[in-house]
Amino acid sequence: MTGADAVDVVVLGMGPGGESVAGELASAGLSVVGVESGLVGGECPYYGCVPSKMMIRAGNVVAEALRVPELAGDVQLTPDFSTVARRIRSEATDNWDDTVAAKRFTDKGGRLVRGTGRLTGPREVTVLTSDGGEFTFRARLAVVLNPGTNPTVPDIPGLTNTPFWTNREAVKAESAPKSLAILGGGPIAVELAQAFTRFGTKVTMVLRGSSLLTREEPEAGELLARVFRSEGIKILRNREITAVTHSSDKFRLKMSGPAAGGASVSQLSAEKFLVATGRTPALQPLNLAKAGIDWDGKTAPTIDGQLQLTDGLYLIGDAAGAGAFTHMSMYQGNIVAGHILARHAKQPDRGTTESHAVPNVTFTDPEIGAVGLTEQQARDTGLSIRVGYTDVAAATRGWIHGAGNQGFIKIIEDTKTGVLVGATSVGPAGGEVLSALALAVHARIPVATLKTMIYAYPTFHRAIPEALAQLK
Ligand SMILES: Cc1cc2nc3c(=O)[nH]c(=O)nc-3n(C[C@H](O)[C@H](O)[C@H](O)COP(=O)(O)OP(=O)(O)OC[C@H]3O[C@@H](n4cnc5c(N)ncnc54)[C@H](O)[C@@H]3O)c2cc1C
Ligand SMILES: NC(=O)c1ccc[n+]([C@@H]2O[C@H](COP(=O)([O-])OP(=O)(O)OC[C@H]3O[C@@H](n4cnc5c(N)ncnc54)[C@H](O)[C@@H]3O)[C@@H](O)[C@H]2O)c1
């Protein structure tokens, strides 16, 4: 243990939560080392939420323009992906340069160490820098792990020899490819499928199963599949890709149907191939065992309500396994910062994590917002429930909106307590409408109270009382 620098806190991985904990603790006067092997800020600002939502915003503008003939006359449109590519490069990611984010942290008094960190003891972190240097830090108060995830790449023959895309390459695209094959049907796949389609890319999605967005209510995936079909996105269901090759600027994917289904082998070719098959937490290289943590290497490690793996060793973000969303990383970071400051600077604690009202929004058109339990999850936990469902297109605002008005609100009530335990809001502003439902689930507001509320006319959220009236 000789040669280690003593500091108050080490934050290993500066994703959204890590960056915020490190910054807050440094501002509070603690000596904080932030360790980052990539870009300060993590996946979200450089390869995830922000660039993908910039593409989606641009794609939605194109889609709205295409709705002009139905609603407002005529328009001439020449979508050009290079405009959004330029915006992503210059406005969102600073050409994938984190100087500004790094300075934001060091200006607060933090020390940024660039390199790959690992635990070398309880509350001890050793960092290997790219030029072969090594630094060791012993944290007096806490080590916060925020390593995030990497794209999971399935073991498909030939794949790794090809220039396939993950989200990290997709958001760097300078132009929309003529054709794009996408493996996976989760949030990354559907958001990018629709965004590229709107710039003229012929998209084919290859699903191992039969549905899109399997973590959401089934009605959400079904509606999205209908919308995708109408936009020309092809969805191949129950397929396995058995081989991938790339030559003459073309990917060739060999596919078979499900083994049980009598396996028809087929082929698909495309200019680009996006693999969006989930994420692998970057926990393995951290060497949790060095801090005495017993981890099976597969499932999320056990943490307490303050996100501690053990006293003074915290795990936050996607790798904590409570929802791979930026808002979860920041929510957890806030609790951890509060816990550290309460223990060591006599500030009020910020409580423990709650998991009954985790929200998420998939930013397709229509947006898909969800909070809490799905109907199936509620049934699986043994709750006695009532379900309310209403069609957004048939509500006043949906009808006024016209083209692009598809959506629904589905709510799940626990009949024993009379509160909502889950809700899904799909529609043109589905993610924004979700906020009222998320509040209801979070604060456990009785359905009886929600029914007495006045909902402004004619908003999209006025479909909420219609769903409440349908509870049965
Ligand atoms: C395409 C895409 C779109 C998304 N869209 C949304 C969205 O709209 N809304 C939303 O809420 N979420 C979205 N997400 C998810 C979101 O990006 C993550 O939940 C978010 O980044 C939080 O991750 P994190 O805090 O776990 O850390 P990450 O952001 O993954 O950052 C972890 C950091 O740790 C560093 N690191 C890892 N290991 C080490 C090590 N050993 N030593 C030093 N540094 C290390 C990494 O370099 C990285 O910078 C999206 C993700 C993707 C891929
Ligand atoms: N708007 C948002 O909030 C947003 C957007 C994008 C991503 N994210 C976050 O990032 C996470 C990762 O997204 P994702 O879409 O990669 O993952 P995911 O785990 O949600 O979906 C993965 C998809 O790939 C399929 N799949 C998995 N292994 C496969 C294999 N071997 N062969 C074929 N198909 C396979 C799954 O069936 C699923 O359809 C999300 O779960 C979410 O938490 C959030």
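Student: How many residues surround ligand 2, and which are the closest?

Tutor: There are 21 of them around ligand 2, with Pro-154, Gly-184, Gly-186, Gly-278 and Ala-324 the closest. To be near a molecule, a residue must have its C-beta atom, placed from the backbone, within 6 Å of it. Bear in mind that this is a predicted model, where local features need pLDDT of at least 70 and side-chain atom pairs count only at pLDDT 80 or more, while totals for chains, interfaces and linings use all residues. Residues are numbered from 1 along each chain as its sequence is written, and chains are lettered from A and ligands numbered from 1 in the order in which they are written.

Student: Which helix gives the most to the shell around ligand 2?

Tutor: That's H8, with four residues. Helix H8 (187-197) and strand S18 (359-362) each put at least two residues into this shell. The helices (H or I, at least four residues) and strands (E, at least two) are DSSP runs, numbered from the N terminus.

Student: What classes of residue make up the shell around ligand 2?

Tutor: Ten nonpolar, eight polar and three charged. Here Ala, Val, Leu, Ile, Met, Phe, Trp, Tyr, Cys and Pro count as nonpolar, Asp, Glu, Lys and Arg as charged, and the others, Gly among them, as polar. Domain 2 (159-277) and domain 3 (359-469) each contribute at least three residues to the shell around ligand 2.

Student: Where does UniProt place a "binding site" that includes Gly-184 and Gly-278?

Tutor: The unreviewed entry puts that feature at Gly-184, Gly-185, Gly-186, Pro-187, Ile-188, Ala-189, Val-190, Glu-191 and Gly-278. They are spread over 95 residues of sequence yet cluster in space, with a largest C-alpha distance of 13.8 Å. UniProt positions follow the numbering used here, feature names are shortened, and annotations may be inferred rather than shown by experiment.

Student: Why does Ala-189 count as buried?

Tutor: Set its count against the cut-offs: buried needs 20 or more other C-beta atoms within 10 Å of a residue's own, exposed means 12 or fewer, partly exposed is in between, and C-beta atoms are placed from the backbone. Ala-189 has 23 C-beta neighbours inside 10 Å, so it counts as buried. This residue is in helix H8. Beyond residues up to four places away in sequence, Ala-189 touches Ile-182, Gly-184, Met-205 and Ala-276; contact means C-beta atoms, placed from the backbone, within 7 Å.

Student: And what makes Gly-278 partly exposed?

Tutor: Gly-278 has 14 C-beta neighbours inside 10 Å, so it counts as partly exposed. You'll find Gly-278 in the loop between strand S14 (272-275) and strand S15 (279-281). Leaving aside neighbours within four places in sequence, Gly-278 is in contact with Thr-152 and Gly-186.

Student: Which residues does the other "binding site" annotation cover?

Tutor: In the unreviewed UniProt entry, that one covers Lys-53, Gly-117 and Asp-318. These span 266 residues in sequence and the farthest two C-alpha atoms are 30.4 Å apart, so they do not all gather at one spot.

Student: Is Gly-117 buried or exposed, and why?

Tutor: Gly-117 has 28 other C-beta atoms within 10 Å, so it is buried. It is part of strand S4 (residues 116-121). Lys-53, in helix H3 (residues 49-66), has 16 C-beta neighbours inside 10 Å, so Lys-53 counts as partly exposed.

Student: Why is strand S8 called largely enclosed?

Tutor: Four of the five residues of S8 (residues 179-183) are buried, so the rest of the structure largely encloses this strand.

Student: What makes S8 and S9 a pair?

Tutor: DSSP has to find at least two bridges between two strands. S8 and strand S9 (residues 202-206) have five, in the parallel sense, so they pair under that definition. Ala-181, for one, is bridged to Thr-204 in S9.

Student: How many residues of domain 2 are in contact with domain 3?

Tutor: Twelve, meeting 13 residues of domain 3. On the domain 2 side, H8 and helix H9 (218-230) each supply at least two residues, and H9 gives the most, with five. The domain bounds come from an automatic or database domain assignment.

Terms used: Contact = placed C-beta atoms within 7 Å.
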